[in-house]
Amino acid sequence: KGPDPDLVAIAERMATVKHKILILSGKGGVGKSTFSAQLSFALASLDFQVGLLDIDICGPSIPKMLGLEGQDIHQSNLGWSPIYVESNLGVMSVGFMLPNPDEAVIWRGPRKNGLIKQFLKDVHWGELDFLVVDAPPGTSDEHISIVQFLQATGIDGAIIVTTPQQVSLIDVRKEVSFCKKVGVEVLGVVENMSGLSQPELVAFTEVFDSSAGGAAEMCQEMGVPFLGKVPLDPQLCKAAEEGRSCFEGQSCRVSAPVLRGMIEKL
Ligand code: ADP
């Protein structure tokens with residue numbers, strides 16, 4: 001039996017992609033897509049060629065967070081063309097394929113896996129420095145698929161986004177364990193919504209109980225890097241709602257420097 005033709009096609013596509021990074025979270029709503037979007041904006045602002053692939057098939061929020069709602073995917077003889085926010089930032093999401101964003105996507109595992117395979121095989125990214133993959137929350141079929149499909153070409157690692165509460169951290173442990181089992185390096189853990197930033201106050205207000213030490217302590221215990229804390233920042237939320245980069249201008253005075261510092265650690 002020869003090599004799987006799909007895996008060969010994926011390896012050919014990925015041959016022009018230097019780094020592949022997965023963005024994971026144990027739970028939904030912790031800020032994974034916000035981080036994926038802002039990481040992509042940041043890398044693009046540093047003049048890297050960036051692709052952002054949204055495989056959160058049941059809840060694709062990337063089109064909105066990059067200001068690309070209502071766009072349609074085009075096909076050429078080279079494959080599916082990503083939608084470009086800037087000449088060096090291309091985006092692909094199932095959100096671009098849904099006729100109505102309010103419609104629920106009710107797909108079983110094999111169909112989701114089929115689409116992920118197609119995204120990896122058929123999207124014409126061209127030369128990329130970074131492919132950022134926004135995965136669904138948890139560890140499900142989609143995660144096993146993406147790791148399996150990219151195995152031949154390798155994944156640089158995963159960044160796990162969490163909030164400080166115990167209920168979220170318990171699930172992060174599962175993500176770390178998943179990464180260890182499938183051989184994906186954990187590049188670091190981001191503690192998001194860590195305190196509330198109020199521009200008029202210097203100190204952050206604690207929102208969630210962090211007496212147990214939060215993500216930093218968990219990282220130390222599990223032997224994975226801690227990237228830092230992003231506060232709950234109304235300006236960051238506004239940037240995400242408006243599909244903007246938080247690094248432009250002075251609009252996100254608190255979270256933009258924190259995020260940039262994390263990205264420099266990678
Ligand atoms: P997930 O991808 O984990 O489901 P999202 O990135 O969609 O989570 O974030 C959920 C909501 O919280 C979004 O409306 C987003 O704009 C907001 N949000 C995320 N992180 C922050 C933050 N640090 N400060 C303020 N709002 C945030």
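These legends describe close-up views of one predicted model.

Local features here need pLDDT of at least 70, side-chain atom pairs count only at pLDDT 80 or more, and totals for chains, interfaces and linings use all residues. Residues are numbered from 1 along each chain as its sequence is written.

**View 1. An open sheet of eight strands.**
The strand order is β5-β6-β2-β7-β1-β8-β9-β10, and the pairing is mixed. Strands pair if DSSP finds at least two bridges between them. Helices (H or I, at least four residues) and strands (E, at least two) are DSSP runs, numbered from the N terminus. The edge strands are β5 and β10 (226–232), each pairing on one side only. Neighbouring strands are turned by 25 degrees against each other on average, direction ignored. Strands of a sheet pair through backbone hydrogen bonds, either parallel or antiparallel.

**View 2. The hairpin of β5 and β6.**
Strand β5 covers residues 83–86 and strand β6 covers residues 89–93. They pair in the antiparallel sense over three bridges. Two residues lie between them. Ile 83 stands opposite Val 91 in β6.

**View 3. The parallel pair β1 and β8, with a helix across it.**
Strand β1 (residues 17–25) pairs with strand β8 (residues 157–162) over five bridges. Ser 25 stands opposite Val 161 in β8. Helix α6 (residues 166–182) lies across β1, β8 and β9 (186–196). Helix α6 runs at about 170 degrees to β8. Axes are lines fitted to C-alpha atoms, for helices over the stretch in contact, and angles run from 0 to 180 degrees between N-to-C directions.

**View 4. Helix α4 packs with helix α5.**
Helix α4 (residues 109–122) and helix α5 (residues 141–150) pack at an angle of about 35 degrees, with axes 9 Å apart. Among the residues that meet are Ile 116 and Leu 120 in α4, and Ile 146 and Phe 149 in α5. Contact means C-beta atoms, placed from the backbone, within 7 Å.

**View 5. The largest nonpolar core.**
This core has 73 residues. It is a set of buried Ala, Val, Leu, Ile, Met, Phe, Trp, Tyr and Cys residues joined through C-beta atoms within 7 Å. Buried means that 20 or more other C-beta atoms lie within 10 Å of a residue's own, with C-beta atoms placed from the backbone. Leu 22, Ile 23, Val 133, Ile 146 and Ile 160 touch the most other members. Helix α2 (residues 32–45) gives the largest share, seven residues.

How values were computed. Two residues are in contact if their C-beta atoms, placed from the backbone, lie within 7 Å. A residue is buried if 20 or more other C-beta atoms lie within 10 Å of its own, exposed if 12 or fewer, and partly exposed in between; C-beta atoms are placed from the backbone.
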